[in-house]
Amino acid sequence: MTSQASASQSGVGFGQIAPPNSSGVSILIVGAGFAGLSCAIESKRKGHKVLVLEKFEELKVLGDIISFGSNVGRIFERWGLHDKFWPVCTHVDKLTLHNSQGDILVEQKMENPLYGAYSYNGHRGDLHSMLFDYAQSLGIEIRLGQDVSEYWETDSEAGVISNGERISADAVVGADGVRSRARKLVLGYEDKPKSSGYAIYRAWFDCEEQGVDKDPLTKFMCENGDTFHGWIGPDVHFLVNTSGGGRKMSSVITHKDEADIEESWSFPGKMEDCLKIVAGWDPRCAALLSKAPSLVDWKLVYRDPLPTWISKGARLALIGDAAHPFLPTSIQGASQAVEDGITLAVVLQLAGKQNVPLAVRAWEKIRYQRVRMAQVLGETNRDMWHKAKPDAKGESVSLPRPEWLLGHDAEKHAYEAYEGAAKDILETGYKLPTLPPVPAVSVAA
Ligand SMILES: Cc1cc2nc3c(=O)[nH]c(=O)nc-3n(C[C@H](O)[C@H](O)[C@H](O)COP(=O)(O)OP(=O)(O)OC[C@H]3O[C@@H](n4cnc5c(N)ncnc54)[C@H](O)[C@@H]3O)c2cc1C
């Protein structure tokens, strides 16, 4: 079977939408985060029968700032979401990076669009609810209040137990986040995260309500529309930006932290501890941080790359954070989660119902090294900032925005890469994926 032959069988190729349920493939997705929803949307577009199971009883506006690079911005545009996303996102043209004393190290241009597509940085809850509404508008069935407790597979299908009910499909997608239960079926054991030695105090709030616009030390963040600033010091980086024309502010400060508690998006942080990090720094840092009405203390854990993301029978695939949690400095966690889902939907269409395991194996082959390279970029970015000399300048502290990462089109690439990946597996057998040849990085976030 060739990808061209398969695509023409279903009559659908790159950028095209298939008639509902035309592929014959049924797909069960656990988790309605960005990974699960994106996989569901692209699966629907490719003619699969889709069911999404989500633990939340209701949709809540959770989290704070989240970023989607132009690599998936081009997908959101293709789905017609630009006009919805763009108004709620941050609109900045540069990042001004300082050392801890407030000297400017670099004013990095933030072109948007870049490589022919927009990036979107906004509140996770806003963007998530828009994606959720879009999925529902396509007629995708999303069942809320579903706690998936078990995963299984046979030669001909895979399935889950959710709220005591047994549900099956041709393929199951574990998009159930960092504490994935699906991972256990794939690995055969519980994957234990490592302490990274870092944590982030995060906040999102209204500038006017918190007096950011009145304080002479902080009003620069909102008096001229959206603004993006950063400060770096030994083992610390602090990023702050405004959205909505200077109305909302997001602040994230990554710092050393040995405390051994679970990662959580809702664990509260103490302002006095947060302010200790910037004692003796440019006074704007403490002024900005102290405007937050509350803080989330997000402990960053580290996981070694999993040896595989797919089950033995290749009917279960882990996508997004369930397969590969990212460091925030990669600015790619959510984007790679979306790319996973898009790629999987395309290869299942190309392979067809009779070849689901081949599709899932090819998907892992197409995705594994790219994801790892994006992860490593986050680790080197973090090191670049945390180890920078106080007088480091220009490119040596600029955020890399490489074309291989941000110019990528996951849908297009899946159509191009599937045939070769599938052929290789058919001819030489399935092999566990290998890590790309990149420098070894330390176990730290
Ligand atoms: C509450 C929350 C807030 C977040 N806030 C931010 C933020 O502010 N900034 C940021 O950059 N990233 C944030 N993230 C993480 C970010 O969304 C992910 O890193 C990224 O988008 C990859 O998404 P994902 O879909 O793989 O995982 P997630 O976004 O974690 O989604 C996983 C989904 O699976 C569901 N799920 C888990 N277990 C089960 C189960 N047993 N049965 C059924 N459903 C299940 C979860 O409820 C969740 O909706 C947050 C994640 C969560 C869950």
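Start by colouring the protein chain by domain: domain 1 covers 3–65 + 121–192 + 304–428, and domain 2 covers 194–302. These bounds come from an automatic or database domain assignment. The model is predicted, so local features need pLDDT of at least 70 and side-chain atom pairs count only at pLDDT 80 or more, while totals for chains, interfaces and linings use all residues. Numbering runs from 1 along each chain as its sequence is written, and side-chain values use heavy atoms, with hydrogens and water left out.

**Stop 1**

Now show the contact (heavy atoms within 4.5 Å). Domain 1 puts in 17 residues and domain 2 puts in 22 residues. Together they bury about 1,700 Å², with 59% of that from carbon and sulfur atoms. Buried area here is the accessible area (1.4 Å probe) that two parts lose on being put together, summed over both.

Next, pick Asp-64 and Arg-202. Their side chains form a salt bridge, 2.6 Å from N to O. The rule asks for a side-chain nitrogen of Lys or Arg within 4 Å of a carboxyl oxygen of Asp or Glu. By that rule, one salt bridge crosses the interface of domain 1 and domain 2.

Four residue pairs in polar contact also cross the interface, both residues at pLDDT 80 or more. A polar contact is a pair of N or O atoms within 3.5 Å; within protein, one must be able to donate a hydrogen and the other to accept it, and residues adjacent in sequence count only if both atoms are side-chain atoms.

Stay on the domain 1 side. Strand S6 (120–123) and helix H10 (356–386) each supply at least two of the residues that touch domain 2. H10 gives the most, with five residues. Helices (H or I, at least four residues) and strands (E, at least two) are DSSP runs, numbered from the N terminus.

**Stop 2: the ligand**

- Ala-35: a backbone N or O atom lies 3.0 Å from a ligand oxygen atom.
- Lys-55: a backbone N or O atom lies 3.1 Å from a ligand nitrogen atom.
- Arg-181: a side-chain N or O atom is 3.5 Å from a ligand nitrogen atom.

**Stop 3: the loop between S5 and S6**

Which peptide bond is cis? Select Asn-112 to Pro-113, where omega is near 15°. Pro-113 sits in the loop between strand S5 (104–109) and S6. Tyr-115 is found in that loop too. Tyr-115 has a positive phi of about 50°, although it is not a glycine. Most residues other than glycine have a negative phi, and most peptide bonds are trans.

**Stop 4**

The structure holds 28 salt bridges. Finish on the one between Arg-78 and Asp-409, at 2.4 Å from N to O. Arg-78 is in helix H3 (residues 70–78), and Asp-409 is in the loop between helix H11 (403–406) and helix H12 (410–428). The pair links parts of the chain 331 residues apart.
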